[in-house]
Amino acid sequence: MARVADIRKTVTDSTPVYAVVGLTDLAVEKVREARLKARTVGAELDPSALQAKAQARATVAVEQGKELPALALNRGLVLAGKAQEEYETVVARGEKLVKRVRTQKPTQDLLAQAEATFALGKGAVTTVRRSASEIQRSAKATLTTGRREAAAAEKVGD
C-alpha cells in the first residue's frame with residue numbers, strides 16, 4: 001500500500017501535472033466556446049472588408065518596421081511575464097479540477113474498489129504461494145517414498 005501512496009503523491013501533488021490537467025480543461029472550454037462563436041461569425045465574414053483590414057494592418061506594420069527590434073524585445077519581456085502568470089493560473093485550475101474529481105463519489109467508489117481488488121489479489125498470491133509450497137513438499141515426499149519402495153522392491157526381487 002505504501003507504493004500506491006507514493007505513486008499517488010508523485011502524480012497528484014506535482015505542479016506540472018496540475019498544469020497539464022488545467023491546460024486540458026482550458027482547451028476543452030475554449031473549443032466549446034470557439035464552436036459557438038464560429039457559428040455566429042461565419043455569417044459575418046465579408047471578403048472585401050477582410051482585405052481592407054489586412055491592407056491597413058500591413059501599412060501600419062511597414063511604418064513600425066524601424067522600431068521593430070525594440071518592440072520585439074519589449075514584446076518578448078511582456079509575453080514572458082504573461083506566460084508565467086498564465087502558467088500559475090493553469091496550475092491553479094488543474095489543482096482545483098483534480099481536487100474536485102478526487103472528492104466525487106464515483107472516484108471514491110473506484111478507489112475503494114481498487115483497494116478491495118488489490119487486497120483480494122494479495123490474498124490470492126498468498127494462497128497460490130502456500131499451495132505451491134505444499135505441492136512441492138508433497139511431490140518431494142512422494143518421490144522419496146517412491147525411491148524407498150523401489151529400493152525395497154529391488155531387495156525383494158533379489
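This is a predicted model: local features need pLDDT of at least 70, side-chain atom pairs count only at pLDDT 80 or more; totals for chains, interfaces and linings use all residues.
Residues are numbered from 1 along each chain as its sequence is written, and side-chain values use heavy atoms, with hydrogens and water left out.

**Stop 1: the whole chain**

Show the cartoon. You will find five helices and zero strands, running α-α-α-α-α from the N terminus on. Helices (H or I, at least four residues) and strands (E, at least two) are DSSP runs, numbered from the N terminus.

Now colour by pLDDT, the predictor's confidence in each residue, from 0 to 100. The mean for the protein is 81, and 80% of its residues reach 70 or more. Which helix has the lowest confidence, and which the highest? Helix H1 (residues 2-12) is lowest, at a mean of 68, and H5 is highest, at 89.

Next, colour by accessibility. Buried residues make up 6% of the 158 residues; buried means under 20% relative accessible area, exposed over 50%, and partly exposed in between (1.4 Å probe, protein chains only). If you draw contacts (heavy atoms within 4.5 Å), then among those between residues at least 6 apart in sequence, 86% join residues at least 24 apart.

**Stop 2: the nonpolar core**

Select Tyr-18, Ala-19, Val-90, Val-91 and Val-98, the five residues of the largest nonpolar core. Such a core is a set of buried Ala, Val, Leu, Ile, Met, Phe, Trp, Tyr and Cys residues joined through side-chain atoms within 4.5 Å. H2 and H4 each supply at least two residues of this core, and H4 gives the most, with three.

Zoom in on Ala-19. Leaving out residues up to four places away in sequence, Ala-19 touches Tyr-87, Val-90 and Val-91.

**Stop 3: a charged network**

Side chains of opposite charge can pair when their charged atoms come close. Here a salt bridge is a side-chain nitrogen of Lys or Arg within 4 Å of a carboxyl oxygen of Asp or Glu, and by this rule the count comes to five.

Select Arg-93 and Asp-25, whose side chains form a salt bridge at 2.9 Å, N to O. What does this pair tie together? Arg-93 lies in helix H4 (residues 68-103) and Asp-25 in helix H2 (residues 15-41), so the bridge links parts that are 68 residues apart in sequence. Both ends are partly exposed: Arg-93 has a relative accessible area of 24%, and Asp-25 has 25%.

Glu-29 is partly exposed, at 30% relative accessibility.

**Stop 4**

Move to Asp-109 and Lys-105, a salt bridge whose closest N and O atoms are 3.2 Å apart. The two sit four residues apart in helix H5 (residues 105-157), so about one helical turn separates them. Asp-109 is partly exposed at 40% relative accessible area, whereas Lys-105 is exposed at 57%. By contrast with this pair, salt bridges that share partners join Asp-25, Glu-29 and Arg-93 into one network.

Finish with Thr-107, also found in helix H5. Is Thr-107 buried or exposed? Thr-107 is buried, with a relative accessible area of 19%. Its contacts, leaving aside neighbours within four places in sequence, are with Val-101 and Arg-102.
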